[in-house]
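The questions below ask what makes each word apply.

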Amino acid sequence: MQRPVVVMIVLLALLAGLIVLLPDSRPQKLVNDGARVGSDAPLVVYCAASNRAVMEAVLSDYKTDYGVTVQVQFGASQSLLSAAEISGTGDLFVPADDSYLTLGRERELLAETLPLAEMQAVVAVRKDAAFTLSRLSDLLQPGIRLVQANPDAAAIGKLTRDRLTTSNQWEALAAATTSFKGTVNEVANDLKVGAADAGIVFEAVLHSHPDLQRVDLPELADIRAQVGVGVLTKSSQAARALHLARYLAAPEKGLRRYAEFGFRPVEGDAWADTPELTLYAGSMLRPAIEQTLTQFELREGVRITRVYNGCGILVAQMQAGTVPDAYFACDVEFMNQVRELFPEPDNVSRNELVILVPKGNPRRLQTLKDLGRDGLRVGIGHEKQCAMGWLTQRTLVEGGVQTEVMQNVTVQTPTGDMLVNQMRAGSLDAAVAYLSNAAGSAEFLDAIRIPDLKCAVATQPYGIAEQSKHPHLAQRLRERLMSVDSRAAFEAHGFQWFAVDGGVAK
């Protein structure tokens, strides 16, 4: 006979007390709202030389729009990352390729990252060049002075070396190279002054050198850099840094300039000085995510409109045409009902159904079958309004007790919190709810586990709407909700963490 999980509930209640939940109403104004409020210290950006011309144009626009002066250090991507690491200062890092963003995250130097654009590797020559090039081997001809950027410092050199090494062409090209420069801009300058005849550069660099022309070689066609911006973890003004990062990544702002300067911009989030995300979430998730949402708002300088309710009600609203930026469902079944709106959800957590009874379990209830005893007042979730109700019905059917238990059901609610309130008020003898619903009520309730029924466990997925105007912002919120700190909040409120690898349970 199974004993109530009293110790477990007490521990959950103590852990939950460590998570400080803020009031339901959000502050009228965030203390670090966008670029308007905060430190007067200038923002510091480490930027790859290949992005110099476009960055200067964007920052000029930004100063016009917001009166903010930004200090920029230009150089080779690897050198800039090292400078940021050694100095422990700075706000943003814009390398020439996102491999350096990955490296920065691995070294815990970067927090958030935002994609910006793509660059293609090409060969640059003077427009009055007396030779023609059609294959990579043409660069090996005697008399052609070839220059490249240092592959140990600059993205273009690194990408070229990596790609051509796989095709066994790098050693011959490196041997034919007259000199290796610190940055891609130095390569272009050598061509401009006649110190070299050909150089491998990013196509966007040629925007600032009208006397040079590009030559596309088939061997370089797959060499493309993905440009992005990262927020340094040491930044002391994260909201201001993220405001500038979002400006850089907005189609109406920075990305418009990137297109003008020969880059291939990504599809960025629509610009808003203070973006607002709408999040639909199952009510049972509220205690586990509310603090994370508030912290995200403060760090990003954004607002999140929360709509908490039973997932059946939320799904009905979405099917009627009201679609949020993101949906955090109580169970995969309710995500599947709107899967066409949220094509790539990630599973975040799990929650199990339990039988809630008054403290001490005076009626000695132990199993689902016991809920069918004569005279019991039982509460469950509403099957059509919430995942908990739908899951309860499945569990009763699988346990072979649906008919008996339903005869005793006097209340069906859209949320588990309502059942807990009625249990505490003494209007119910037992209820089937989530373990997380009991986490804050160990003084009044005991929880009895439902063994051996897999359907008694719900999995909570988070999805981003395909039609969201702020998908990258919603993606950063997903990352925050799946962070180590968020996991602690979930587990403190009775959830199990769902380890994921590309959305698949490990």
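Q: Why is the crossing of α3 and α4 called right-handed?
A: A crossing is right-handed if the near helix is turned clockwise from the far one by less than a right angle. The crossing of α3 and α4 counts as right-handed. The model is predicted, so local features need pLDDT of at least 70 and side-chain atom pairs pLDDT 80 or more, while totals for chains, interfaces and linings use all residues. Residues are numbered from 1 along each chain as its sequence is written, and side-chain values use heavy atoms, without hydrogens or water.

Q: What makes α3 and α4 roughly parallel?
A: Helix α3 (residues 77-87) and helix α4 (residues 99-106) pack at about 20°, with axes 10 Å apart. Axes are lines fitted to C-alpha atoms over the stretch in contact, and angles run from 0 to 180 degrees between N-to-C directions. Angles under 35 degrees count as roughly parallel, over 145 as roughly antiparallel, 65 to 115 as roughly perpendicular and the rest as oblique. Therefore α3 and α4 are roughly parallel.

Q: Which residues of α3 and α4 meet?
A: Ser77, Gln78 and Leu81 of α3 meet Tyr100, Leu103 and Gly104 of α4, where contact means heavy atoms within 4.5 Å. By class, this contact has three nonpolar, three polar and no charged residues. Ala, Val, Leu, Ile, Met, Phe, Trp, Tyr, Cys and Pro count as nonpolar, Asp, Glu, Lys and Arg as charged, and the others, including Gly, as polar.

Q: Why is α8 called roughly perpendicular to α10?
A: The axes of α8 (residues 238-248) and α10 (residues 286-300) come within 6 Å and cross at roughly 70°. That angle makes α8 roughly perpendicular to α10. Ala238, Ala239, Leu242 and Arg246 in α8 meet Leu298, Arg299 and Glu300 in α10. This contact of α8 with α10 has four nonpolar, no polar and three charged residues.

Q: What makes α10 and α17 oblique?
A: Their axes come within 10 Å, and α10 crosses α17 at roughly 130°. The two helices are therefore oblique to each other. The crossing of α10 and α17 is right-handed. Residues in contact include Phe296 of α10 and Leu477 of α17. The contact of α10 with α17 has six nonpolar, two polar and four charged residues.

Q: How many cavities does the search find?
A: A cavity is a set of points on a 1 Å grid over the protein atoms alone where a 1.4 Å probe fits but cannot get out. The whole structure has three cavities of 30 Å³ or more. The largest cavity holds about 110 Å³ of space.

Q: Which element gives the most to the lining of the largest cavity?
A: Helix α17 gives the most, with three residues. The lining has 15 residues, and Leu114, Arg246, Ala249, Asp269 and Ala270 lie nearest the centre of the cavity.

Key
On a 1 Å grid over the protein atoms alone, a cavity is a set of points where a 1.4 Å probe fits but cannot get out, and a pocket is an open set with protein on both sides within 12 Å along at least five of seven lines; lining residues have an atom within 4 Å of a point. Grid points are joined across faces, edges and corners, and a volume is the space filled by probe spheres set on the points. Helices (H or I, at least four residues) and strands (E, at least two) are DSSP runs, numbered from the N terminus.
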